[in-house]
Amino acid sequence: MTRRPARRAPGRTPFVRHLAAAGALAALGGCNTVVMRPAGDVAVQESSLIVWSVVLMLLIIVPVMALVVLFAWRYRESNTEASYEPDWDHSTGLELVIWSGPLLIVIALGALTWVGTHTLDPYRPLARTAPGKPVAATVRPLEVQVVSLDWKWLFIYPEQGVATVNELVVPVDRPVKFTMTSSSVMNALWVPAMAGMIYTMPGMETVLHGVLNRTGKFEGRSGNYSGAGFSHMTFWTHSVSPARFDDWVAGVKRNRWRLDNATYLKLAKPSEKVRPIGFGAIDPALFRRVVAMCTKPGTNCMENMSHAGPAVNDRPQRADEPEGALTRDPSQKGDSPHSTAPRGKAPGSTDPGAGNRDMTKLDIPALPRANASKEA
């Protein structure tokens, strides 16, 4: 009786294995490597800093891993030719190798980090836009004031007199200076193709300088978890030519909406999945009020709540100064109600999941966006 050869399992045939490998490579090919292949000079320098740091650390990691395998093989139990020295306890040469290598790596990493962190200081104006392209003394960076809202981004262009929500447009090869704050909780602005991630905080002002060296459409997002709508707190950054940037500004100026204090209070309400909005006019003092946390009627600006000099109660109150604790008589001090305490039951407390995410609508209708990505 002739015995039939055993059939090979379908999953182990060469064709299936090669097909699976090709599928894995195709899946990896879709990975976004924007952090290591950015479009802006600042982000390129940051990626180089990451690469050099990894290479320096691998100078220790790779030999150690190789020696682990070598020692395990050389001094295995069955190898009778390996030397056996039970009384050995010290080797000056080996100690020098063990300690000098890591010491040199730490020194190199420290020098690289020190130089890199000072060169790439986010508060430091850019000295160049690309290798061999220094920034001329007459070139002014594009000023963009950024406010992180729940859960969207507000971009104010004070020089152009316009503002946008969830859309950032910048000219290619021009330095950009971001001045940032937050309306409520701490957040982080991150455009991986342009520069690193910098936090935004309520009542404070942070700065980030960056540049994009090629036209295109690049993703921006929140880099710090800030609540229920965090996953959709994204926006597109468009890098365009200077002429197209001017056309985009002119298009936004034709929008009839004005970003004033009342409009900002509507924007500050929690909302998700907000499509781009354009404002053809702005209140020039709005950003300063947002930083000072006095956009709500009747609230005093934080910048007026402190004064120079020692904290003593020995001078009369100035006309432009709010009546604070330091300028009051002790008999006038007392308890005050919690102005920000929640009123009533929290959404979802009685029926979890019902109504606590119903915050996706704004009172401001989204306007037709000015398409700045046609040349990208």
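Select Phe-155 first: in this predicted model Phe-155 is buried, with a relative accessible area of 0%.

A search of the whole structure gives seven aromatic pairs. One of them joins Trp-153 and Phe-235: the ring centres are 6.0 Å apart and the planes stand at 65°, which is over 60 degrees, so the pair is edge-to-face. With Trp-153 in β4 and Phe-235 in β12 (residues 234-240), the link spans 82 residues in sequence. Trp-153, Phe-155 and Phe-235 make up one aromatic cluster.

Now display the strands. β4 is part of an open six-stranded sheet with mixed pairing, in the order β10-β7-β3-β4-β5-β14. From one strand to the next the twist averages 20°.

Move to β7 (residues 176-182), which pairs with β10 in the antiparallel sense over five bridges. Here Lys-177 stands opposite His-209 of β10.

Select helix α4 (residues 242-253) next. Helix α4 lies across β3 (142-149), β4 (152-157), β5 (162-165) and β14, and runs at about 85° to β5.

Two charge-over-ring contacts remain to be shown. Arg-76 lies over the face of Trp-73, 3.9 Å from the ring centre. The charged end of Lys-217 sits over the ring of Trp-236, at 4.5 Å from its centre.

Key: Residues are numbered from 1 along each chain as its sequence is written. This is a predicted model: local features need pLDDT of at least 70, side-chain atom pairs count only at pLDDT 80 or more; totals for chains, interfaces and linings use all residues. Side-chain values use heavy atoms; hydrogens and water are left out. Two strands pair if DSSP finds at least two bridges between them. Helices (H or I, at least four residues) and strands (E, at least two) are DSSP runs, numbered from the N terminus. Axes are lines fitted to C-alpha atoms, for helices over the stretch in contact, and angles run from 0 to 180 degrees between N-to-C directions. Contact means heavy atoms within 4.5 Å. Rings of Phe, Tyr and Trp (its six-membered ring) pair if their centres lie within 6.5 Å; planes under 30 degrees apart count as stacked, over 60 as edge-to-face and the rest as tilted. Buried means under 20% relative accessible area, exposed over 50%, partly exposed in between (1.4 Å probe, protein chains only). A charge sits over a ring if NZ of Lys or CZ of Arg is within 6 Å of the ring centre and within 35 degrees of the ring normal.
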